[in-house]
Every structure is written in structure tokens, then in C-alpha cells.
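Here is a short report on one protein model. It goes from the whole chain down to single residues.

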Amino acid sequence: MRFKPLFVGLLIGVASVAQAREPSRLPVLEPTAPQAEAALLSAQFLERYAYRPVPLDDALSIKIMNKYIKSLDPDRMLFTQADIESFAKQSKKLDDAIVDKNLKIPFSMFDIYNQRVTERMTYARSLLKDGFDFTVQEDYPLSREDAPWAKTEEQANELWRKRVKSDWLRLKLADQDDAKIRDTLDKRYKNILDRVDTYKGDDVFQSFMAAFTTAVDPHTDYFSAKASAEFDISMKLSLVGIGAVLQERDGYTTIRELVAGGPAQLSGKLAVGDRIIGVGQGEEGSIKEVVGTRLDEVVQMIRGEVGSVVRLDILPADAGNASGHRVISLVRDKVSLEKQAAKKSVVPVKLGDRTLKIGVIALPTFYEDFDARRNGDKDYRSASRDVEKLLGELKQEQVDGIVVDLRDNGGGSLTEAIDLTGLFTGKGPVVQQRNAAGKVEVESDNIAAPVWDGPLGVLINRGSASASEIFAAAIQDYGRGVIVGDPSFGKGTVQTVVDLDKVAGKQEPELGQLKLTIAQFFRIDGGTTQLRGVTPDIATPGVLDPKTLGESSYDNALPWTTIKPAKYSKLGDMAGLVPQLESRHEARVKDDKDYQRFVADVAELKAEREKKTISLNEAERRKEMAAVAAKLKARQDEGGDVLPKDDGLQANERSLSANLALENARKNAKDVLQTEAAAIVADVADLAPGKQRAAR
């Protein structure tokens, strides 16, 4: 799975009103020598050391071109047919361009992209003057992924007329008046327009390299020096800074959240909604204004060395735009990113006249502080260490079973997946790896005895990938626990990260890192998680769309295959329990109103995905809304969760308080899948009581 940088904001815009710009005023971005060198080095590594080497030739060049175009214009709303024909003439030249260290082609394409964004947003804003007739019977396509590009300006205008009309109608159905709608949409399109001015050459190069690397393999990737630093932060769950989650709002860097225990929260000087309008280094350094500055650049200015001082010019949340600001000083410190750390809870499950306690450990990622571990720090942070501590606490609470919740856990450290497995299986093989030469190695855990050998369940979904699948597959192969959920992602490949600066002998970071596939994972039973993922023992409805998420959605994914099983001994006969567990599960959920509402929601979501168009007729849409409202009213009367209705706004267009309220409503909604997984593990405890007692 791809790793997303932390603290990435929404649309980058500025507060002042911008006039429609001429194409000649658009920024012209140029490739640099280090970028060209990084592209060539990456190509050389991919040809020589990738698990499935792909030659840099005309065939790959065409794939790179197609992926690059799709990354820039996925819905085919910006480029014209003439643009595409022009790009096609150069589609077999990208391989030569990389070898020749000449990246003008992708940069010139990005210039055209910026020009089309400017033209389309300028036209979209012009449409807001007159409004629309919503009595007309017409539709707007929900996806244009495979649609033809506009051949004429008239066709392009028609596409965007419907797009703007759809945006307007959505806000109108949320009861906004025309004046408010005009203001909201004008700001929305202006933010997109202004973003053109914020793009840098690094952004273009990152986009092009993403197209290049994924054309080779779905999980091969390139990280710029900045992206590499963000990846390291995500793995170690810590950074040095002030402990604030930042967001761009109307050109201002805004405090979205204060991290508990961080310098900002402990100081009492900052509050959610405060805006940072300037940043200064040290006690005496001049303060640089940052209004309209890219969020990632402001974040870098605020981060620094432990113990150093950063000064912030703050405009309080309740102050006007021109007055009331103040300057504060904060001492940077190490900040733990606890939201991505393992967490525990206890779910009571009524079983006849007894109530069993099932511990749930939610693990969002397989994190590990590589540097601290390499440097011999005895207290280094890792997923398996945190889970081991939580297991000890749950044993003290005398739980009757454990659920490890790996939903949407996209993976992380292979070592942590192996160590985590050992907490439940003890010493033995966990996963096999086969490299490009065909050599197979068995990776094992060496823990003498499991920390928890009682009833166990693993909850997965389509977003559970890589390390999550290694853990779930091992638990399943050992017969150690029951797997609950929907089939996992299907990523069964191994990647390593190559520091291109070290390869080139650079003293300063400028070339970035290449993440390339070097091996394939295999289960200890000889199968693989590649392509097919892990199939649950007890299936539950899946929310995520397998057509767009998962290994099978990639056109160049490795096939499923098998190798010789590793030598291991089963720890239990979970397969023998599954029919009874399945029977109890079906009987229970049949009468569970919350679960049945969830099933209905999933079915409705799938039906929505199948829709190709949406009506732009107000009467039809209101009729649809009335039907949905009636269903929600009935649900509310039954005591079910009801989320706030669609307000037609994007996240950065709502107030922070409204956004946080919506997030809290989603977070606090009943988690029927976790509840049912706990009930299934309670059934395991009931059907295998001897093992339950042994875990105490």
C-alpha cells in the first residue's frame, strides 16, 4: 500500500480575490539536474534488481505516458482530444528522455495541464453569474474514466456546465440560497485556480515518477527527500515539532487539533481554529509571513530540533482578518502520534446467562522506530511491543478472548508482522519469501511461548494489506484463531527502499529514495496472499469497492501461485469450529437490527456505485431525498445511528467545529462488525473452554 504523508491539507488557496489569469502568466516549471539523475538511477535499479524486471523500452514508455495522463486528468474533464493526440506523438520517447536525462516532456505536459485548469476554472466561475434551470431533464455522468475527451471547446464547456450545475444543485438541496451558493462555489473554483501558482517542480517530478514506477509494478514507488522524511515519521510514530495538526483554510494555516502532551497543548497558548500568519526561528529570528503559503512548507518551517524555539504569529480563531494577532514562543519537543498507535477496549458479550469480556486491540499500522532499534534503544517504539503491553493489561482485566482489529491497516514493517504473530503462536515460521532468483527463505519468530494462547479472532477488510495479511494468514494457517470480515487487499509482494543519494555518493539529500519490489510473500501453507488476499472464515459485508481497491484492480499485478509449504505444526483445529461458529453467527445477526441495517447500507452503497449518472432535475432529486429521509426517520425511531445529512460542502468549506462534529458522529457510530467479531470470539471461548482457561 502507498504511505500517505502526515498533515497534508486540503485545497491550497489564498485569501485575496484573484482575477482570471492569462495563460502567459502561468508559472513555467523546469526539471532540475538532480531530478533527471534520480529518474535514470531509478530506471537502472528497476531493470537490474526488481523482482519482475521490466526493460525501459517503448512499451513501458507508452504505459508511463498513459498513467501520467490519468494521474493528471482521471475523469477526462481537462485535456482535449487534441492534447491527447499531441501527447501520443511523444509516448514512445519517454524511455529515451529518461536515459538522456531530459525530462522536458512530462514538464511540458504539466504546463498544458495548468493551462487547462486555468481555462476550465475561469469558465466555471463565469457560469455562476446567471444560475441554472433545474426543471430541465438532464443527467451528469458520475464517472468519466473511460469517456472520450472533448474534441471542441463547446464540448468542454458543456461538460463543465453540467459539472457546475451539479455542484450548485447539491448545495441547493442542502437549503443554501443562491447568494451563498455563488460565494461557496466561486471560492471552491478559485482555490483550484490558485493552486496552479503553488505547484513546484518537485510536484511535477513526483507525479511523473509515480507514473513511471507504478507502470513497472503497482507497489514500486519513488519518494522525494521530503516524502522520505514523512515516511520515516509515519513509521516511528513521532516527530519533533509543536504537536499540532494543521490544515489549510482560505489561505490560512489553521490549528485543526492539538496533540495531547505536545508543546502547543501544554503551553495553553493555542486553540483549535487559531490561524498561523507568520513563523520565526529562535528567540530573535525575523518572522516570515505565511498567509497563502503551501501547507507542507509551513509545516517544515515549524518542525525543527528538540529544544529549539519557534515563534508563531497567531491570529486567534475569534479575531478579525486584520487585527488581534499575537506572537507566541514554543520550545520544540518530540511528539508522539498516538492516533496511529495500537489501542485496546473491552466489549461485553452476553452468552446465555453469562457475560464474557472480549478484549479488542485496534492496530492501524505496523509501525517501528527503525533508527531507535538500530541504535540499540531498549525502549524503541513498535507495534508488537505496544500490543504485548496491551495484552498484559487485558489479561489483568481477565478477558475471555481477544480480537485483533486490522481493518484498513495497509501494512508497514515486516519484522513487526512476524513479532506480532509470535505473541499468539510462539516460536515458529510465519511467512516465506521468494526472491527474483527463485530462492525461498522462511521468516520465523523466536519467542519461546505465546503471550496470549486463548480464544482469538482477527478482523480484516479490503483495506487490510501486506503485513496485515501476513499476520492474518499465519493465524489462519496455524489454526490459531478465526478470521472475520471480507477478503483482504491481496498484496503479497516485498519491497525495499534504496537511498539514491547513497548510491550516487551524495552528501546532501537531493535524489530521494526508490521503493522497489524485490520478492514475493508466501504463506507457511505454500499459498500466497498475492492477488486473492486472505479469505475470512466468517464472511461479513464489505464497504470498500473491490473493483477500485485491491490487488485485483491493478492491470499489472503479479499472478497468484504456490510453493512448497514450510515445516510447521497446527496449533488448533479452527476449521473444525467454523461450521458451528457460522451457524451461531447467522442466527445472531438475523435478529440484530443494527447488523441488518448495516447489511442494507452496504447493499445500497453497492447499488449507488453501479449508477452511471445523476439527475440534474431538482424535482427528481428531492423525490430521491424524501425517500432517503423517510428511511432515516424510520431508523432513528428504531434507535439506529443517523449521520448528519449531506450539506453539499467540501471539508475545507465547513467550519472546523462542523467538521469535527461530523467526524465524531462517524467515530461514535455503532461498530457492528467489531461487535460481531467479539461475539464470534466469545463463541470460540464457549466452544473451546479448555483453551480459554489455559490463557489465564
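## Basis and overall make-up

This is a predicted model: local features need pLDDT of at least 70, side-chain atom pairs count only at pLDDT 80 or more, and totals for chains, interfaces and linings use all residues. Residues are numbered from 1 along each chain as its sequence is written, and side-chain values use heavy atoms, with hydrogens and water left out.

The protein chain holds 22 helices and 21 strands. Helices (H or I, at least four residues) and strands (E, at least two) are DSSP runs, numbered from the N terminus. Of the 696 residues of the protein chain, 50% count as buried. Buried means under 20% relative accessible area, exposed over 50%, and partly exposed in between (1.4 Å probe, protein chains only). Among contacts between residues at least 6 apart in sequence, 77% join residues at least 24 apart. Contact means heavy atoms within 4.5 Å.

Helix H1 spans residues 33–49, which makes 17 residues. From first C-alpha to last, H1 reaches 24 Å, close to the 24 Å expected at 1.5 Å a residue. The expected span of a helix is 1.5 Å times one less than its number of residues. Buried residues of H1 include Leu-40, Leu-41, Phe-45 and Leu-46. Gln-35 and Ser-42 are also among them.

Helix H2 (residues 58–72) has 15 residues. Its end C-alpha atoms are 21 Å apart, in agreement with the 21 Å it should span at 1.5 Å a residue. Leu-60, Ser-61, Ile-64, Met-65, Tyr-68, Ile-69 and Leu-72 are buried in H2. The buried residues of H2 pack against helix H3 (81–88), H4, H5 and helix H8 (201–216).

## The H6–H7 crossing

Helix H6 (residues 153–173) and helix H7 (residues 178–198) have axes that come within 10 Å and cross at roughly 130°. Axes are lines fitted to C-alpha atoms, for helices over the stretch in contact, and angles run from 0 to 180 degrees between N-to-C directions. H6 and H7 are therefore oblique to each other. Angles under 35 degrees count as roughly parallel, over 145 as roughly antiparallel, 65 to 115 as roughly perpendicular and the rest as oblique.

From H6, Val-164, Asp-167, Trp-168, Leu-171 and Lys-172 take part in the contact. Their counterparts in H7 include Ile-181, Arg-182, Leu-185, Arg-188 and Tyr-189.

Strand E4 (residues 244–249) runs antiparallel to E5, joined by six bridges. Two strands pair if DSSP finds at least two bridges between them. Leu-246 has Ile-255 of E5 as its bridge partner. The hairpin of E4 and E5 has two residues between the strands, and Asp-250 takes a positive phi near 55° there.

On to strand E6 (residues 275–281): two bridges join E5 to E6, again antiparallel. Thr-253 stands opposite Ile-276 in E6. Five of the seven residues of E5 (residues 252–258) are buried, so E5 is largely enclosed by the rest of the structure.

Nine bridges join E11 to strand E12 (residues 354–362), and the two run antiparallel. Lys-343 stands opposite Ala-362 in E12.

Val-346 is found in E11. At 32% relative accessibility, Val-346 counts as partly exposed. Val-346 and Ile-402 are 56 residues apart in sequence and 9.1 Å apart in space, C-alpha to C-alpha.

## Selected residues

Gln-674 lies in helix H21 (residues 672–687). Gln-674 is buried, with a relative accessible area of 16%. Not counting residues up to four places away in sequence, Gln-674 touches Ser-345, Val-347, Val-360, Asp-405, Arg-407 and Leu-459.

Lys-101 is found between helix H4 (94–99) and helix H5 (104–126). Lys-101 is partly exposed, with a relative accessible area of 45%. Asp-408 lies between strand E13 (401–405) and helix H14 (414–425).
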